[in-house]
Amino acid sequence: MSVLVAKLKISLDQRGDFGEVFTPPWTTLDAGGLAQRPVYLERDGRVAFGDVFELSGSPDGSIRLLGDLGRADRLAAGLSDGTVIIEGDVGAEAGVGMAGGVLEVKGDAGPRAGAAPLGYKRGMSGGELIVHGDAGVEAGAAMRRGVLAIGGSAGDRAGLSMIAGTIILFGLAGKDPGLWSKRGSVVALKSIEPPLTYAYACTYQPVHLRVMLGRLRTRFELPVQRKHLTGSYRRYSGDMAELGRGEILAWTPP
Amino acid sequence: MKIRGVFIEDTFAEAFTMRVARIVITGRSPRWVRAAALKLTGFATSVIGCKCEAGIERELSAVETPDGRPGVSVLFMTMSKEDMAKRLIERIGQTVLTCPTTACYDGLPAAGDRVAVGSALRFFGDGFQISKVIGGERFWRIPVMEGEFLVQEKFGMLKGVGGGNFLILARSPDAALAAAEAAADAMASRPGTILPFPGGVVRSGSKVGSRRIKSMIASTNDAYCPTLRAVTQSALPDGVNSVLEIVINGTDPPAISAAMKAGIDAACREDVISISAGNYGGKLGPHHFHLRTIMNGTAE
């Protein structure tokens with residue numbers, strides 16, 4: 001086996017902060033080294049990652065996490081390289097402040113995935129955060145760079161105060177997507193209601209989306225359809241309450 | 001050595017190390033892809049006068065391009081890394097950026113040497129340009145009247161080979177042209193090679209320097225001009241009345257050898273007397289393509 005596998009060995013019946021598990025240089029650690037990384041549980045306090053997960057396999061820069069991680073918060077916070085795959089749901093603030101690498105959530109993600117840690121100005125500053133299911137509120141809030149793709153529905157205020165970067169919504173967008181965005185891009189493949197502080201610019205075919213969506217389809221098997229690649233998008237500029245250099249690109253049925 | 005009665009001279013083509021980039025152009029339809037590619041590769045036959053050499057390598061199907069649209073790959077060659085950056089910025093900026101529906105991508109993603117192109121062209125966006133990183137590569141979206149022009153920030157660059165060649169010595173201009181056309185057709189769209197001259201053929205082969213003007217880099221190859229047979233030290237066998245040259249540039253010597261083999265084989269036809277090659281005694285260029293070795297299938 002050439003990939004690390006971490007299988008939840010206890011029932012996670014309390015919330016836990018996993019924010020220090022995948023900070024650098026986690027990709028160089030073997031199973032034993034990673035098992036010693038700290039996890040902070042709501043009731044039990046500090047424990048080792050190895051007390052919660054059973055680790056196997058050899059390090060190759062990637063890891064698969066198995067089990068119900070709906071109460072595991074801040075997983076892959078500050079991720080800068082490597083690939084972390086969560087085979088189910090994950091708790092709040094997954095990938096907060098990540099700077100590189102790939103975080104792939106096969107299930108749903110809680111609030112503020114890819115956002116800035118509370119009290120910080122900048123969210124994810126690079127890498128790819130892929131949520132195949134739904135995402136909670138304020139996904140990608142204050143993100144600076146990188147790509148956040150949400151296969152299901154997004155909670156309210158996705159991309160709140162985005163500085164830059166791209167959020168791609170395959171499902172329904174919640175309220176106020178891209179609110180107070182400076183330069184960020186929110187791409188919606190289903191219905192979206194831009195905030196009132198966005199202004200319609202034109203309907204056109206952005207070529208870069210063909211490249212970006214093509215990658216999401218081939219690399220992450222997200223449900224990109226031909227109509228998304230060849231179709232037209234309404235472009236809204238905003239948020240005019242901020243710099244106004246961001247955009248919402250809303251796919252338009254032919 | 002003879003192929004179908006055509007004598008293959010025991011000589012070699014002498015070629016030079018050049019820098020090569022592969023530019024992938026895509027567009028809404030082959031019409032616009034080709035329009036951009038023809039302009040990009042126009043006036044790019046020889047570094048002597050054009051500062052670069054370029055040609056269409058091959059057409060790309062939609063499944064071969066980064067954005068799933070029809071495209072072409074262009075090989076673009078210069079003598080130095082610095083020249084590559086200047087020429088690509090000039091030419092992509094004037095010929096691809098301007099062409100409706102097109103986008104421009106790096107075709108050598110694995111090359112370690114990178115030339116900043118999109119990062120310079122982005123300034124045309126006058127501050128409205130947008131950068132996007134996709135799969136670790138940065139792209140620039142430059143707003144234009146039609147919509148947006150997408151260009152990759154950096155293009156890969158390798159050491160390639162320029163100046164592979166062979167000469168077709170024929171009884172008549174018609175025979176030389178027919179053989180050259182057959183050779184160019186046989187060599188077209190071979191991965192890793194381009195024929196930078198018009199139709200792939202050169203009628204004005206040159207020698208280094210000039211008999212009379214010291215500042216000239218190159219002048220007519222009088223030894224192969226049939227009209228000068230009586231007044232110069234001619235290299236032409238009896239019966240030769242026209243000579244055409246095929247020049248081949250490529251990403252590596254094996255690609256050039258394979259193209260030369262296909263081209264020479266196609267050129268060996270009726271009324272062609274011999275096949276020769278241009279060289280400078282082996283002292284200038286590091287790549288030597290021996291005709292007989294190539295035709296025996298044991299090339300460089």
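Strand β11 (residues 154-170) of chain B pairs with β17(B) in the antiparallel sense over four bridges; helices (H or I, at least four residues) and strands (E, at least two) are DSSP runs numbered from the N terminus, and two strands pair if DSSP finds at least two bridges between them. The model is predicted, so that local features need pLDDT of at least 70 and side-chain atom pairs count only at pLDDT 80 or more, while totals for chains, interfaces and linings use all residues. Residues are numbered from 1 along each chain as its sequence is written, and chains are lettered from A and ligands numbered from 1 in the order in which they are written.

A residue is called buried if 20 or more other C-beta atoms, placed from the backbone, lie within 10 Å of its own, exposed if 12 or fewer do, and partly exposed in between.

Chain B also holds helix α1 (residues 30-40), whose buried residues are Val33(B), Ala35(B), Ala36(B), Ala37(B) and Leu40(B). These pack against β3 (12-26), β4 (53-60), β5 (71-78) and α3 (81-96) of chain B. By contrast, Pro198(B), in the loop between β12 (193-194) and β13 (201-202) of chain B, is exposed, with 10 other C-beta atoms within 10 Å.

The largest nonpolar core has 166 residues, and Leu169(A), Val151(B) and Ile168(B) have the most contacts inside it. Such a core is a set of buried Ala, Val, Leu, Ile, Met, Phe, Trp, Tyr and Cys residues joined through C-beta atoms within 7 Å. Its largest share, nine residues, comes from β3(B).

In chain A, four strands form an open sheet of mixed pairing, in the order β4-β3-β2-β7. Strands β4 (45-48) and β7 (72-73) of chain A stand at the edges with a single partner strand each, so one side of each has no neighbour in the sheet. Strands β2 (residues 16-17) and β3 (residues 38-41) of chain A run antiparallel and are joined by two bridges, with Asp17(A) opposite Tyr40(A).

Finally, 13 residues of chain A are in contact with 13 residues of chain B, contact meaning C-beta atoms, placed from the backbone, within 7 Å. Helix α3 (residues 207-220) of chain A gives the most to the chain A side, with seven residues.

Technical notes:
Contact = placed C-beta atoms within 7 Å.
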